[in-house]
Amino acid sequence: MSIKNNLNNISNTIPENVTLIAVSKTQPVASILEAYQAGQRAFGENKIQEMTEKFDVLPKDIEWHMIGHLQSNKVKYMAQFVHLIHGVDSFKTLEEINKQALKHNRMINCLLEVKIASEETKFGLSFDEVEQLLKSEELKNLKNVNISGLMGMASFTENNEIISAEFKSLKHFFDSLQKYKSLNVNPTILSMGMSGDYKIAIEEGSTMIRVGSAIFGSRNYN
Ligand SMILES: *Cc1c(COP(=O)(O)O)cnc(C)c1O
């Protein structure tokens with residue numbers, strides 16, 4: 001199957017209100033162009049340097065999504081162009097994003113990453129930590145960031161019931177956040193679902209799926 005066929009197959013089966021992010025990490029520029037020519041505009045990367053190099057050489061109407069864990073000291077390299085940062089899991093990172101966004105006189109959209117999987121290794125905030133952050137006075141001062149929603153990753157398991165339950169709990173929590181809506185908190189995006197579990201994620205209320213290998217084929221690393 002070609003990249004174009006894979007993309008069409010996925011696009012044709014997901015509801016209209018769900019945005020497909022093509023996760024292009026480790027993929028060459030030629031593969032991204034192939035997806036671009038098939039009409040795809042939103043791409044996800046997990047390393048800032050790799051994303052910046054691709055941004056430099058690819059068409060400027062691409063929306064770049066940072067989906068990886070962030071190193072604060074590298075935020076400056078993508079602040080000028082990044083469309084949405086999915087993996088924010090500390091106030092300190094938000095402060096740095098705000099500072100860099102201000103330099104470019106723009107607002108940067110961010111998702112708070114929530115830990116829903118049972119595995120020890122996954123990054124993310126607890127539900128309680130998300131609420132503390134959204135309630136905090138300090139957040140009001142970050143006028144150049146917009147909290148647009150949440151991102152989560154389910155456990156790596158074959159057990160669909162576990163995956164469903166984890167996504168369901170995140171959706172439930174996401175719905176409860178509307179009470180925090182303010183100038184820079186506008187929770188409209190729920191980013192959950194990857195190649196292996198996006199169908200379950202959509203059933204459970206995802207509005208944005210991040211799909212790599214089901215579009216581009218398997219990766220050698222990451
Ligand atoms: C790599 C990655 C994806 C895509 O994974 P696939 O299984 O290839 O679809 C989605 N989200 C995050 C955060 C990733 O790092």
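**Entry 1: the ligand**

I began at Arg210, where a polar side-chain atom lies 2.9 Å from a nitrogen atom of the ligand. I count this as a polar contact, meaning a pair of N or O atoms within 3.5 Å; within protein, one must be able to donate a hydrogen and the other to accept it, and residues adjacent in sequence count only if both atoms are side-chain atoms.

A note on what I am looking at: this is a predicted model, where local features need pLDDT of at least 70, side-chain atom pairs count only at pLDDT 80 or more, and totals for chains, interfaces and linings use all residues. Residues are numbered from 1 along each chain as its sequence is written, and side-chain values use heavy atoms, with hydrogens and water left out.

Next I looked at backbone atoms. Gly212 has a backbone N or O atom 2.8 Å from an oxygen atom of the ligand, and Ser213 also places a backbone N or O atom 2.8 Å from a ligand oxygen.

Which residues surround the ligand? I found Val23, Lys25, Ile67, Met151, Met153, Met194, Ser195, Arg210, Val211, Gly212, Ser213 and Arg219. To be near, a residue needs a heavy atom within 4 Å of the molecule.

**Entry 2: α5 and α7**

I turned to helices, which are DSSP runs (H or I, at least four residues), as strands are (E, at least two), numbered from the N terminus. The axes of α5 (residues 127-135) and α7 (residues 160-176) come within 12 Å and cross at roughly 20°. Axes are lines fitted to C-alpha atoms, for helices over the stretch in contact, with angles from 0 to 180 degrees between N-to-C directions. The two helices are therefore roughly parallel to each other (under 35 degrees; over 145 is roughly antiparallel, 65 to 115 roughly perpendicular, the rest oblique).

In α5, Phe127, Val130 and Glu131 meet Ser169, Leu170 and Phe173 of α7, with contact meaning heavy atoms within 4.5 Å.

**Entry 3: α1 and α2**

How do α1 and α2 cross? Their axes, for residues 3-13 and 29-37, come within 9 Å and cross at roughly 50°. That makes α1 oblique to α2. I noted Ile3, Lys4 and Leu7 of α1 in contact with Ser31, Glu34 and Ala35 of α2.

**Entry 4: positive phi**

Last, I checked two loops. Thr26, in the loop between β1 (19-23) and α2, has a phi near 70°, a positive value in a residue other than glycine. Asn105 sits in the loop between α4 (91-103) and β5 (108-115), and its phi is positive at about 55° although it is not a glycine.
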